[in-house]
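Visitor: I am new to this structure and would like a short tour. Please show it first.

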Amino acid sequence: MMSSPALRALTTAQILAEELGHDSNAIVVDERLYASSLGELITVIRELDNSLQCVMLVGHNPEFTDLARYFSSEIVDMPTSAIAEFSFHTTVWSDVGRVEPVRASLDHPRKSPK
């Protein structure tokens with residue numbers, strides 16, 4: 001799990017980590033997740049260690065909405081507390097942004113049940 005250093009994002013990451021059974025002390029704080037750009041977020045992803053199979057980024061809008069839209073045209077907004085999930089058929093993070101996600105989903109507290 002990686003988080004922006006901003007208090008609200010980091011607090012959210014800590015709550016998520018506890019709920020997911022992840023060590024909140026293992027959260028990596030990355031300055032590039034605060035007041036960044038789509039390109040910078042993709043760079044952060046592409047630089048991830050290939051031994052990691054799953055990563056969660058916690059950050060801010062409008063950048064995270066831009067990132068979600070980049071991966072899925074069906075996601076038009078990331079409301080507060082939204083979680084977008086993307087799966088890729090690749091073994092290297094440097095492929096992300098060059099290959100299409102095989103799955104994309106969005107969930108948030110105000111989402112209407114289907």
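Visitor: Which residues does T65 touch, not counting residues up to four places away in sequence?
Guide: This is a predicted model, in which local features need pLDDT of at least 70, side-chain atom pairs count only at pLDDT 80 or more, and totals for chains, interfaces and linings use all residues. Residues are numbered from 1 along each chain as its sequence is written, and side-chain values use heavy atoms, with hydrogens and water left out. Contact means heavy atoms within 4.5 Å. Leaving out residues up to four places away in sequence, T65 touches V76, D77 and M78.

Visitor: Is T65 buried or exposed?
Guide: T65 is found in helix α3; helices (H or I, at least four residues) and strands (E, at least two) are DSSP runs, numbered from the N terminus. Buried means under 20% relative accessible area, exposed over 50%, and partly exposed in between, with a 1.4 Å probe and protein chains only. The relative accessible area of T65 is 4%, so T65 is buried.

Visitor: What covers the buried residues of α3?
Guide: The buried residues in α3 are E63, F64, T65, L67, A68 and F71. Their cover includes α2, β3 (57-58) and β4.

Visitor: Are α2 and α3 roughly parallel or roughly perpendicular to each other?
Guide: Axes are lines fitted to C-alpha atoms, for helices over the stretch in contact, and angles run from 0 to 180 degrees between N-to-C directions. The axes of α2 and α3 come within 9 Å and cross at roughly 70°. Angles under 35 degrees count as roughly parallel, over 145 as roughly antiparallel, 65 to 115 as roughly perpendicular and the rest as oblique. The two helices, α2 and α3, are therefore roughly perpendicular.

Visitor: Which residues in α3 do those of α2 meet?
Guide: On the α2 side, the residues are L38, L41, I42 and I45. In α3, they meet E63, F64, D66, L67, Y70 and F71.

Visitor: What is I45 in contact with, leaving aside its neighbours within four places in sequence?
Guide: I45 is among the residues with the most contacts inside the largest core. Leaving aside those neighbours, I45 is in contact with L57, L67, F71, W93 and V96.

Visitor: Which residues do ring pairs link into a cluster?
Guide: Rings of Phe, Tyr and Trp (its six-membered ring) pair if their centres lie within 6.5 Å; planes under 30 degrees apart count as stacked, over 60 as edge-to-face and the rest as tilted. Y70 and F71 form an edge-to-face pair, 5.5 Å centre to centre with 65° between the planes. The centres of F71 and F88 are 5.3 Å apart and their planes lie at 75°, so this pair is edge-to-face. Ring pairs link a cluster of Y70, F71, F86 and F88.

Visitor: Is F88 buried or exposed?
Guide: F88 lies in the loop between β4 (83-87) and β5 (103-107), 17 residues from F71 in helix α3. Its relative accessible area is 18%, so F88 is buried.

Technical notes. Core = buried A, V, L, I, M, F, W, Y, C linked by side-chain atoms within 4.5 Å.
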